[in-house]
Amino acid sequence: MTKSGMKVGFIGLGIMGAPMALNLLKAGHMMFVQTRSKVPAELVEGGATLCTSAEEVAKRADVIITMLPDTSNVEEVLFGARGVAAGLKPAQGSTGQPKLVIDMSSISPMVTKKMAERIHALGGEYLDAPVSGGEVGAKAASLTIMVGGLDSSFERARPLLEALGKNITHVGGHGDGQTTKVANQIIVALNIEAVAEALLFASKAGADPAKVRQALMGGFAASRILEVHGERMVKRSFNPGFRIALHQKDLGLALQGAREMGLSLPHTASAAQLMQVCAAHGLAGLDHSALCRSLEIMAGHEIAAGDVTISA
């Protein structure tokens, strides 16, 4: 551990969590990890300590990071039996500061606010810091990170966040990071839908979708979604960087929030239904760029020829 290194706990070593934890280890932090999935060999070889419960992680670390699939998973890890909350007694870490919980999952903003209140009542601190950038961004430490919480907590967490991402924004108070992530997921979903519709239209009309995509990349329609996911659609490569099932969950949070606030989000609802078509056909485990499959199924036409490929 370097002089500036912190005692960091990391819970949830999935597609995103594993490379994020590895980047923190490489940055010189002492790591305590716990997960239901297999712990990557690089973490073990790098000196990370394996813990048997979230409670143990919280007892041994000064900062505890969670990277989990859904709201209920975060609630269980934080407040369930042998959860993080049980390990916050005493709430002061080895530095004399309150222990800091950073949830980097994508979950409900309203539930996040309630969980932050519960952690603060125990004497700890809380940040919601969901990310965007997928597996590629997690591996490259180039994630976009949207943070909600107290200014002092954010400044304390900054060295850790800078080891994980490039575009780091303190948006506001508790829950505001999660609200920003939901907004991000709305934009991404609608852009994927737009690219899929455009390439399907071009292909059905007889044009080469690969060349159409190349032409559009030089104009005002250019976007990161067209660049990356448009290529996936053309090449029929849908190995999950971010699964349809997880994006469905995020759009569900958007629509739930919209109902509570009396908003209408018609195109978000449309994208959610297209993802449901994919799920109904057993495709929920594919990358969210495979949303195009729902449109292809309805059209009886595929954007490009070739089998859908998923690498092991």
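Contact here means heavy atoms within 4.5 Å. With that in hand, here are some exercises on this predicted model.

**Exercise 1.** Find where T71 sits, decide whether T71 is buried or exposed, and list what T71 touches.

*Solution.* Start with the secondary structure: T71 belongs to helix 4, which covers residues 71-79. Next, take the relative accessibility of T71, which is 10%. Buried means under 20%, so T71 counts as buried. Finally, set aside residues up to four places away in sequence; T71 then touches I107, S108, V111 and L253.

**Exercise 2.** Search the whole structure for cavities of 30 Å³ or more, then describe the lining of the largest cavity.

*Solution.* First, the search returns 1 cavity, and the volume of the largest cavity is about 30 Å³. Second, collect its lining: S106, I107, Q178, K181, V182, Q185, D250 and L253. Third, sort these residues by type, which gives 3 nonpolar, 3 polar and 2 charged.

**Exercise 3.** Work out which residues touch the most other members of the largest nonpolar core, and which element gives the largest share.

*Solution.* Begin with the 36 residues of this core: F10, M20, L24, M31, I102, M104 and I145 touch the most other members. Elements that give two or more residues include strand 1 (7-11), helix 1 (17-26) and helix 7 (151-162). Helix 1 gives the largest share, 6 residues. To finish, note a second, separate core of 28 residues, with V195, A196, M233 and L295 among them.

Note on methods. Residues numbered from 1 in each chain as written. Predicted model: local features only at pLDDT ≥ 70, side-chain atom pairs only at ≥ 80, totals over all residues. Heavy atoms only, no water. Helix = DSSP H or I, 4+ residues; strand = E, 2+ residues; numbered from the N terminus. Buried < 20%, exposed > 50% of the residue type's maximum accessible area, 1.4 Å probe, protein only. 1 Å grid on protein atoms, 1.4 Å probe; cavity = no way out; pocket = protein on both sides within 12 Å on 5 of 7 lines; lining within 4 Å. Points joined across faces, edges and corners; volume = space filled by probe spheres on them. Nonpolar A, V, L, I, M, F, W, Y, C, P; charged D, E, K, R; others polar. Core = buried A, V, L, I, M, F, W, Y, C linked by side-chain atoms within 4.5 Å.
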